[in-house]
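Subject: Structure handover

Hi,

Here is the structure I promised to pass on. Please open it first, then read my notes below.

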Amino acid sequence: MERLIYLDNAATTKVNPKVLDAMLPYFTEKFGNPSAVYSFAAENKKAITEARESIARVLGANTEEIYFTAGGSESDNWALKATAEAYEKKGKHIITTKIEHHAILHTCEYLEGRGYEITYLNVDENGVVDMEELKAAIRPDTILISVMFANNEIGTMQPIAEIGKLAREKGILFHTDAVQAFGHVPINVDEMGIDMLSASGHKLNGPKGIGFLYIRKGVKIRSFVHGGAQERKRRAGTENVPGIVGIGVAAKLCADTMEERSKRETELRDHLIERVMKEIPYTRLNGHRTRRLPNNANFSFQFVEGESMLIMLDMAGICASSGSACTSGSLDPSHVLLAIGLPHEIAHGSLRLTLGEDTTLEEIDFVVDKLKEIVAKLRSMSPLYEDFISKGKEVVNAD
Ligand SMILES: *Cc1c(COP(=O)(O)O)cnc(C)c1O
């Protein structure tokens, strides 16, 4: 394969070389256990504190409110299971949305099996939660609201500050899965009324298998892993020092370059969206047109099967996704696309392209040119399309 164009940054990202450089010494010469007493290990302890400080600064949080975990899924599991348990005397009702990541949805299913009641909020055709529906869902026994910051499939961002304000007024905890948003868009836990926040290293040019949960001081939460005294006795286990150093540096780099990177990605994304919508008929843009992640574009092409599109893109050296990384491999259309009201056959023809810090205009143009060819070819093989065209329908896009 001559070239590789990677447009699947919502699935995972490449480790930034500066992040890798910072991590490497902690595998070899600085291998000490941070809990040890000798000064050789003290440096590792210090490195962990520095990473915690970097992350806390990006969020406007206090250092001791950051707890390292093994990634986004663990943070989501912890936030939900441990607050559910800690607040069960107050009630057993939790509010979330229909478009959460499976790390939230499957944890909710688990909790339902243990006597908790979950309300799954609808979203509108752009994937935005309705504040009135949320207000109406709140009950005296509601203990937690968990709404994702930005959706991993369609990129839509939620009115997080409004939700935080409402939760605060009602005395309910507010957790947000910010795995796609942290490091990509500005977040301030105080201004947004966030009590808990999940993030993951590998979605921000950091390593895989490391993440954190922000837990506001005063939130009652059970320990997730029992054992040693690491992470203030809440998450035991010898720290993943290289990973922690990596996510700390990645967070700082992302914050330092956020404005510039987000401007650049937004321009490229908009160019991609404009070209696709103009040049490929019977196409729908999924997700909110403007209130979306700077790097996310998601389309549905009528009369096209998503998996075939992915295979043909792959043959052209282009990495893309038809849904979320976790649902690919299954034939069910994505729960997110169904929740925004797409019929099954339209949801099946969906494509997610997520840009990264290295993506270029030339790559985007190459991808659109290829995509035009691929969609035309697949449609030419579709009896449905032939039938549709033979009825003399005008070739225009709905949006
Ligand atoms: C990737 C992702 C996760 C899971 O994070 P891991 O670190 O891979 O466990 C959770 N939520 C969202 C929104 C994600 O995009």
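The centres of domain 1 and domain 2, taken over C-alpha atoms, are 29 Å apart. The model is predicted: local features need pLDDT of at least 70, side-chain atom pairs count only at pLDDT 80 or more, and totals for chains, interfaces and linings use all residues. Residues are numbered from 1 along each chain as its sequence is written, and side-chain values use heavy atoms, with hydrogens and water left out.

**The two domains**

Domain 1 covers 5-11 + 258-390, and domain 2 covers 17-254. These bounds come from an automatic or database domain assignment. The contact between them takes 27 residues from domain 1 and 31 residues from domain 2. Contact means heavy atoms within 4.5 Å. About 2,500 Å² is buried between the domains, and carbon and sulfur atoms give 54% of that. Buried area is the accessible area (1.4 Å probe) that two parts lose on being put together, summed over both. On the domain 1 side, M258, R291 and L293 supply 26% of the area buried against domain 2, more than any other three residues.

**The cores**

A nonpolar core is a set of buried Ala, Val, Leu, Ile, Met, Phe, Trp, Tyr and Cys residues joined through side-chain atoms within 4.5 Å. Buried means under 20% relative accessible area (1.4 Å probe, protein chains only); exposed is over 50%, and partly exposed lies in between. The largest core has 63 residues, and L59 and F212 touch the most other members. Another core, of 30 residues, lies apart from it; L7, L285, I318 and I374 are among its members.

**The rings**

How many aromatic pairs does a search of the whole structure find? There are 11. Rings of Phe, Tyr and Trp (its six-membered ring) pair if their centres lie within 6.5 Å; planes under 30 degrees apart are stacked, over 60 edge-to-face, and the rest tilted. F303 and F388 form a tilted pair, 4.9 Å centre to centre with 45° between the planes. F303 is in the loop between β10 (296-301) and α8 (306-315) and F388 is in helix α12 (residues 383-390), so the pair ties together parts 85 residues apart in sequence. Helices (H or I, at least four residues) and strands (E, at least two) are DSSP runs, numbered from the N terminus. Both F303 and F388 are buried. Ring pairs also link Y282, F303, Y385 and F388 into a cluster.

Best wishes
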